[in-house]
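Hello,

Please find the structure below. My notes on helix packing and cores follow it.

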Amino acid sequence: MTATPLGRDYRLLWSAAVSSRFGDALRTPALALLAATLTRDPRAVAVVTVAGQLPPLLLGLLGGVYADRWDRRRTMALVDALRAAVVAALAGAVAVDRAGVPALVATAFLLAALGVLFDAASFALLPALVPAPALPAANGRLQAGTALAGGLLGAPLAGVLFAVSPSVPLTVDAATFALAALLTLALSRPAAGPRWRGEGRRERGSAGRSVWREAADGVRWLRGEPTMWRITLLSAGTNLAISALMAVLVLYALDVLRVSPAGYGLFMAAVVLGGLAGALGAGRLAARLGTTPALRAVLLTQTVALAGFALVRHPVPAGLALAVFAGGSTVWNSLWAAYGQGRVPTALLGRVGATQRMAALLTAPVGATLAGLAGAAYGVGPVVGAAAVVFALVTLAAWRALRPAAPAPDDAPPTTAGTAVRPGPLRSR
């Protein structure tokens with residue numbers, strides 16, 4: 001990152017995101033392990049997971065509104081400071097053996113709720129830090145850094161630190177949030193406010209508007225922009241397939257591909273490496289093909305890779321196919337994010353980005369639920385095949401929906417949007 005042409009402020013934001021993601025990778029398995037040590041009731045353990053998944057769906061639009069109302073730099077720093085305090089409190093409770101399942105549920109919900117506001121502000125702030133043509137590369141490097149910190153560094157270390165003491169990974173996570181807050185505050189603040197806050201000073205007559213009316217402004221803007229709306233719907237379709245695949249992936253690897261339990265970690269490492277490669281190549285792909293042609297090419301590549309994954313029965317080619325598929329996911333996320341960041345008015349960036357993330361995430365629980373029911377009835381093999389069919393249908397739709405009407409600035413190399421959901425190579429977009 002020291003040689004990047006994206007500038008000091010981007011390096012600070014990148015470092016803050018990577019630091020925070022590293023802490024997340026320590027905390028997430030630690031919460032699951034803590035829940036399993038407190039109770040063997042699957043319902044109680046599941047509640048901890050669900051508590052961390054609900055806020056983006058329940059509060060996503062509100063997070064977008066406040067990301068546009070408030071100074072985004074200060075909002076991100078304050079959110080990370082609050083998250084550091086929440087995790088530190090839980091670490092203290094765990095250290096003195098005072099943490100129960102309700103505390104884990106409350107912590108998971110609070111952190112996810114604060115994360116909604118952070119993600120909206122972060123998505124809206126990035127265009128103020130780098131020029132529009134650099135947005136695909138900037139988003140790709142964010143994806144690459146967080147994938148490296150979360151998948152290759154944090155996840156393997158989480159179990160080791162938990163074995164030392166259950167409070168250790170939580171303590172480190174609190175420290176990473178505090179560091180991220182300091183890095184965000186170090187961003188150089190210009191004299192003009194609107195670059196950092198969507199509306200600067202609230203427009204005359206807007207003081208009495210409800211947050212829901214302001215949220216509706218973002219929905220209406222997105223619905224009225226044909227290409228961005230189509231990309232959002234396509235993301236929802238791909239998330240249906242991705243969630244179904246992820247819901248049965250471990251069983252498919254163990255039972256169909258005959259991956260040994262000891263080798264499963266290596267199998268999934270290929271996914272992380274594929275995602276990392278895709279993130280690093282996103283900017284070059286957008287520069288070479290243009291944004292919308294690149295999105296179409298990515299979907300086609302992923303469809304072929306997922307079809308290959310569903311057909312082969314050996315771990316090595318299956319792992320390679322899954323790595324290619326994961327790489328496509330990070331490319332899509334990077335390009336989708338940059339596309340919206342380059343086209344949405346500054347005053348609406350938080351709300352439009354939040355709307356996109358919510359629309360794309362709504363299909364994720366549907367896909368996972370259908371995969372579980374179908375897997376129980378017919379086996380996990382047909383579920384993976386069905387996911388490949390869904391992806392192929394989305395690709396066919398994208399080939400027409402994202403076809404440029406004529407050579408135009410829309411296809412110039414600059415920009416795209418993503419749910420920036422603290423990214424991972426195979427996480428919902």
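Helix H1 (residues 8-38) packs with H4 at about 165°, their axes 12 Å apart. Axes are lines fitted to C-alpha atoms, for helices over the stretch in contact, with angles from 0 to 180 degrees between N-to-C directions. H1 and H4 are therefore roughly antiparallel (over 145 degrees). Contact here means heavy atoms within 4.5 Å. H1 contributes residues including Tyr10, Leu13 and Leu31, and H4 residues including Leu104, Leu111 and Leu129. The contact of H1 with H4 has 12 nonpolar residues, no polar and two charged.

This is a predicted model: local features need pLDDT of at least 70, side-chain atom pairs pLDDT 80 or more, while totals for chains, interfaces and linings use all residues. Residues are numbered from 1 along each chain as its sequence is written, and side-chain values use heavy atoms, without hydrogens and water.

H5 (residues 135-164) and H11 come within 8 Å and cross at roughly 135°.

Now the cores. A nonpolar core is a set of buried Ala, Val, Leu, Ile, Met, Phe, Trp, Tyr and Cys residues joined through side-chain atoms within 4.5 Å. Buried means under 20% relative accessible area (1.4 Å probe, protein chains only). The largest core has 55 residues, and Leu245, Phe267, Leu306, Phe309 and Trp332 have the most contacts inside it. A second, separate core of 29 residues includes Tyr10, Ala16, Phe118 and Leu129.

Best wishes

Conventions:
Buried < 20%, exposed > 50% of the residue type's maximum accessible area, 1.4 Å probe, protein only. Helix = DSSP H or I, 4+ residues; strand = E, 2+ residues; numbered from the N terminus. Parallel < 35°, antiparallel > 145°, perpendicular 65-115°, else oblique. Nonpolar A, V, L, I, M, F, W, Y, C, P; charged D, E, K, R; others polar.
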